[in-house]
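Hi there,

I am handing over a structure for you to look at. Please open it and have a look around before you read my notes.

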Amino acid sequence: MSASPAIAATPVTNQPRLLYDACPLCSAAEISTLRTGDCSGHPLYKPVVGPTMVWMRCAACGHVFTDGYFTDEVSAEIFSSTNPNQQPGAGFEQNRYLSARIVERVARYVADGCWLDVGFGNGSLLFTAEEWGFEPHGLDLRPSTAQGLRRLGIEAHCADLTTLDAPGRYSVISLADVLEHMPYPGEGLVAAHRLLREDGVIFASMPNYDCAVWRLLDAAEANPYWGELEHFHNFSRRRLYELLDEHGFEPLHYAVSERYRACMEVIARRV
Ligand SMILES: [Zn+2]
């Protein structure tokens, strides 16, 4: 163990982030600064968060994460604006093709039942899952977004995944670009495990920092993820699979995302 403290422990007034004092995945205390990133060009950037993001690395499990996550006040300020592409129904025809390729893969492992999409955005994954015979349910923190989906005839809940009380209800839970936004992604997996029926699966997507595309983007100094204001984590496939295993999921399928750069898509079964 290193004798020097890994990060500054002194609380700073108006600090926009609550600092991690240990790895948010494995709780090991030995964490150190990996690098910084500039988030000042991000569409949701507000001066309150500061232009520099600090990325940390855990010596024990290798996980890469920001030095802290936003306080509720800062989160509310950043996420007060919504991207028009993320409104229910946006780009419904073009997105149907992308969603179909995801639903087709998931349907190889689970044929029917309720499909819960967490942070459903434009709703495309749910519209398409319905075509395959799934009963679509959406979950979003914004009341207006949930209402928008209901207007399109789909059941939508306005709640946090970790507080949703419907144990064993779902056969599929999709976490498309969700886990890297959660301060403690393990909490999301605990909730998904509780909400899934016995043979249910999760679909999870996120950037993969341990791939050649990522390294080439780094080499070109063109990797957008070090300045991705909304992300608290960069996962490797290896670390994601370990986390899934720790939370009672068996990875079944790996694919490359067609929607976002350098992203991976994983299907895993509740065991
Ligand atoms: Zn760790």
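Below is what I found, going from the whole chain to two single residues.

First, please keep in mind that this is a predicted model.

**The chain as a whole**

The protein chain contains seven helices and 13 strands. Its C-alpha trace spans about 55 × 40 × 35 Å along the principal axes. How does its radius of gyration agree with that of a compact globule? For 271 residues, such a globule would have a radius of gyration near 18 Å, and the protein chain has 19 Å, which agrees. As for burial, 39% of the 271 residues count as buried. Contacts across the sequence are worth a look too: among those with a separation of 6 or more, 67% are between residues 24 or more positions apart.

**Two domains**

The chain is divided into domain 1, residues 17-78, and domain 2, residues 84-270. Their centres, taken over C-alpha atoms, are separated by 22 Å. Where they meet, 21 residues of domain 1 are in contact with 14 residues of domain 2. Which elements give two or more residues to the side of domain 1 that touches domain 2? They are strand 2 (31-38), strand 3 (52-58) and strand 4 (64-66). By class, that side of domain 1 has 13 nonpolar, six polar and two charged residues.

Next, find strand 10, which covers residues 196-207. Nine of its twelve residues are buried, so strand 10 is largely enclosed by the rest of the structure.

Strand 10 pairs with strand 9 (residues 170-176). These two run parallel and are joined by six bridges. If you want to see where they line up, look at Ser174, which stands opposite Phe203 in strand 10. Together with helix 5 (residues 185-195), strands 9 and 10 make a right-handed β-α-β unit.

Strand 10 also pairs with strand 13 (residues 263-270). Here the strands run antiparallel, and seven bridges join them. Within this pairing, Val201 has Arg269 in strand 13 as its bridge partner.

**Ala176**

Ala176 lies in strand 9. Is Ala176 buried or exposed? A residue counts as buried if 20 or more other C-beta atoms lie within 10 Å of its own. Ala176 has 23 such neighbours inside 10 Å, so it is buried. Leaving aside neighbours within four places in sequence, Ala176 is in contact with Leu125, Phe203 and Ser205. Val256 is 80 residues from Ala176 along the chain, and their C-alpha atoms are separated by 13 Å.

**Tyr209**

Tyr209 is found in the loop between strand 10 and helix 6 (212-219). Why does Tyr209 count as buried? Because there are 22 other C-beta atoms within 10 Å, Tyr209 is buried. Not counting residues up to four places away in sequence, Tyr209 touches Val64, Trp214, Asn234, Phe235 and Ser236. Arg237 is 28 residues from Tyr209 in sequence, while the two are 8.2 Å apart in space, C-alpha to C-alpha.

Happy exploring!

How values were computed:
Residues numbered from 1 in each chain as written. Predicted model: local features only at pLDDT ≥ 70, side-chain atom pairs only at ≥ 80, totals over all residues. Helix = DSSP H or I, 4+ residues; strand = E, 2+ residues; numbered from the N terminus. Rg over C-alpha atoms; globule rule 2.2 N^0.38 Å. Contact = placed C-beta atoms within 7 Å. Domains from an automatic or database assignment. Nonpolar A, V, L, I, M, F, W, Y, C, P; charged D, E, K, R; others polar. Pairing = 2+ DSSP bridges. Right-handed = clockwise from strand over helix to strand, strands pointing away.
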